[in-house]
There are 4 protein chains.
Amino acid sequence: MILDLISEWRFPDADKLLPRALATAPRVASLIARCRRAGVPIIYGNDNYGRWRSDLRQVVRSSLAGGGDGARITTMIGPRDDDYFVLKPKHSAFFGTPLDLLLQHLSVRRLLLAGVASDQCVMATAMDARMRDYEVVVVGDCVASQTVARNRRALEHFQIALAIHTTRASGIRLPRRRRSR
Amino acid sequence: MILDLISEWRFPDADKLLPRALATAPRVASLIARCRRAGVPIIYGNDNYGRWRSDLRQVVRSSLAGGGDGARITTMIGPRDDDYFVLKPKHSAFFGTPLDLLLQHLSVRRLLLAGVASDQCVMATAMDARMRDYEVVVVGDCVASQTVARNRRALEHFQIALAIHTTRASGIRLPRRRRSR
Amino acid sequence: MILDLISEWRFPDADKLLPRALATAPRVASLIARCRRAGVPIIYGNDNYGRWRSDLRQVVRSSLAGGGDGARITTMIGPRDDDYFVLKPKHSAFFGTPLDLLLQHLSVRRLLLAGVASDQCVMATAMDARMRDYEVVVVGDCVASQTVARNRRALEHFQIALAIHTTRASGIRLPRRRRSR
Amino acid sequence: MILDLISEWRFPDADKLLPRALATAPRVASLIARCRRAGVPIIYGNDNYGRWRSDLRQVVRSSLAGGGDGARITTMIGPRDDDYFVLKPKHSAFFGTPLDLLLQHLSVRRLLLAGVASDQCVMATAMDARMRDYEVVVVGDCVASQTVARNRRALEHFQIALAIHTTRASGIRLPRRRRSR
């Protein structure tokens, strides 16, 4: 699951978050490619920023139209037609969305989380996933926050307080065979 | 709120439901027009029929492409760009969707329900709206079910068991002034 | 699951509902006894009537203290220490309660519903259970509403609109072996 | 709202958490007393630890029966009959509980959080409260975690990542007049 990386980057702190997000994008792109080869479903979770009429295609278009590093990220990691998405009204990708039902539909039990911000939306989503008994892995080098210190603190929090693994992308094992739905 | 009237009509019982839905469509269209003039937000609630990647635009396109009475309904009552929509995974438009948050965002307290089927998705949505303390009106001549008898029984149920008004469209009073958001 | 049969019967319509509830109580008691022998968990779902500080024990005590037919029902079908309960703030026993989590904890997939009113709380609970993919049986002769006509209409609605079985208690098959948790 | 301070302290890490919880208890007790005088409702949120049949009274009894520092805390800060409680199946006091409905019923908009662990249940509850648009204050010297370092990191996280105030109890202003419900 890819959180909040497809964006116009027009929100408070976007200037701080964007360069750190850009730095993770190649690793996220590579993880997405591995998941696609393995038939692991990709789900994009995106803030709707109070624009209740939008959908992911519009967000992709605006992001590309915005140019710069935001468009660069979207080009690297953007969704394909067979990917899934949820537009989230609040921080957690579970709150006010069909994510739980979608994961049940896909028979998903393990959730790999990538994206931004590690100590905000990623954390809220990880905690909600845990309360719903999903196995959660925060991909350690595919998440970022506004500062390096905040990201480090978030990863420590995942490990120590929540007992959530923060494996790096290279350490993630995916299932061998493709499944389709 | 317009439930399940934009569709390809490819599900069990669609042949029974479609003619009855078509019969309500002119009244629904007229109510939508009145709401738009009054600045009352229109929300389309639609089954995703297990097609988790779709959005309302795709549903509209497929419905029009399907031709026949289904396309006729969509032409009459289809959404505009400034309308809202929720794709619902189950019967109730509240379940696994951001509807409650959207209604809070729009400061909506009264929900007018139109669409099909009166004794299935409309009823599930009405009951969920009531549990969330919304005032609910099922627009009596803008809902339908597979048979006339089932629709009549549903309307009786709304009135007697749930104390929900089933006013006809002509009896609905809308606020005078336009609001925007 | 037993809905709203343990009560002080102090609400609008209680005078109409109580005699019909009393009439079902011996059959409910007998079904409960069969379930206990089979190791099927019993869950009591009860309105909290805005008394947020109460729990089932208090409801049982008040019901017995109230005397009359209400106390008679509670004596016949009252909970034991190893039964479960949820206090529901609204009609559906799923709304604002841990019921879904409790059913997952108990590995329950099939829900037998008994109690009152068949066209209000029982129906809201049945619809919510269906949306959460539980198999639902409304026990046909263990539910009641304010009038015989309303109860009959509710049972028709379950069968025709919701495709929910309304088997009589004598037709319910329970698993043979006891399980414990 | 008081989280997980009434307990038998029989869970992993209880030995680490208990002394730190005990250290906060006098300040929590004093805050509770001030809230009672001001008519601010007290809500106890407690893990049900998989014991689905228990209620707060039983938890209080077991805690007192267990003796030691746990009983000492319960004596200092235990509930009165006019307090509220929610038994929470998971970390957040909102998940699978009627808390949101209770807060609406009480017309509460601001939530003061005290208890343990600051980086687990307190944090999950704070994040859920924020997503539901409550104003949240984590009372800085009335929360604790397994270690002083973890508690400090949690408070930093509240302030920096979540923009949640972590005012000390002495700095909390309460409304002057008593309200009753």
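What follows is a dialogue on interfaces, symmetry, a sheet and some backbone details.

Q: What should I know before I start?
A: This is a predicted model, where local features need pLDDT of at least 70, side-chain atom pairs count only at pLDDT 80 or more, and totals for chains, interfaces and linings use all residues. Residues are numbered from 1 along each chain as its sequence is written, chains are lettered from A and ligands numbered from 1 in the order in which they are written, and side-chain values use heavy atoms, with hydrogens and water left out.

Q: How many residues of chain C are in contact with chain D?
A: Contact means heavy atoms within 4.5 Å. By that rule, 21 residues of chain C touch 21 residues of chain D.

Q: How much area do chain C and chain D bury between them?
A: Buried area is the accessible area (1.4 Å probe) that two parts lose on being put together, summed over both. Here the figure is about 1800 Å², with 60% of it on carbon and sulfur atoms. In chain C, the residues that lose the most area to chain D are C:W52, C:R53 and C:L101. Together they make up 43% of what that side buries.

Q: Which elements of chain C supply at least two residues of the side that touches chain D?
A: Helices (H or I, at least four residues) and strands (E, at least two) are DSSP runs, numbered from the N terminus. In chain C, the elements are α2 (56–66), β3 (84–88) and α4 (99–105). The most comes from α4(C), with 3 residues.

Q: How do the residues of that side of chain C divide?
A: Ala, Val, Leu, Ile, Met, Phe, Trp, Tyr, Cys and Pro count as nonpolar; Asp, Glu, Lys and Arg count as charged; the others, Gly among them, count as polar. The side of chain C that touches chain D has 8 nonpolar, 5 polar and 8 charged residues.

Q: How many salt bridges does the rule find across the interface of chain C and chain D?
A: A salt bridge is a side-chain nitrogen of Lys or Arg within 4 Å of a carboxyl oxygen of Asp or Glu. The rule finds 0 between chain C and chain D.

Q: What does the contact between chain B and chain A look like?
A: It takes 21 residues from chain B and 22 from chain A. These two chains bury about 1800 Å² between them, 60% of it on carbon and sulfur atoms. B:W52, B:R53 and B:L101 supply 42% of the area that chain B buries against chain A, more than any other three residues.

Q: How is chain B laid on chain A?
A: Two copies of a chain are related by a rotation about an axis and a shift along it. Copies are superposed by least squares on the C-alpha atoms of residues with pLDDT of at least 70 in both. For chain B on chain A, the turn is 180°, the shift along the axis is 0.0 Å and the RMSD is 0.0 Å. The two copies are thus related as by a two-fold rotation axis.

Q: Which residue of chain B comes closest to the rotation axis?
A: That is B:T97, with its C-alpha at 2.4 Å.

Q: Why do chains B and A meet through the same surface?
A: Because 100% of the interface residues of chain B are also interface residues in chain A.

Q: What superposes chain C on chain D?
A: A rotation of 180° with 0.0 Å of shift along its axis does, at RMSD 0.0 Å. In chain C, C:T97 comes closest to the axis, at 2.4 Å (C-alpha).

Q: In what order do the strands of the sheet in chain A run?
A: Two strands pair if DSSP finds at least two bridges between them. In chain A, 5 strands form an open sheet in the order β3-β2-β1-β4-β5, with parallel pairing. β3 (84–88) and β5 (135–144) of chain A stand at the edges with a single partner strand each, so one side of each is left without a neighbour in the sheet. β4 (110–116) of chain A pairs with β5(A) over 6 bridges. A:L113 stands opposite A:V138 in β5(A).

Q: Where is the peptide bond from C:V116 to C:A117, and is it cis or trans?
A: Most residues other than glycine have a negative phi, and most peptide bonds are trans. The bond from C:V116 to C:A117 is cis, with omega near -15°. C:A117 lies in the loop between β4 (110–116) and α5 (121–131) of chain C.

Q: Is the phi of C:D4 positive or negative?
A: C:D4 has a positive phi of about 60°, although it is not a glycine. C:D4 sits in the loop between β1 (2–3) and α1 (14–38) of chain C.
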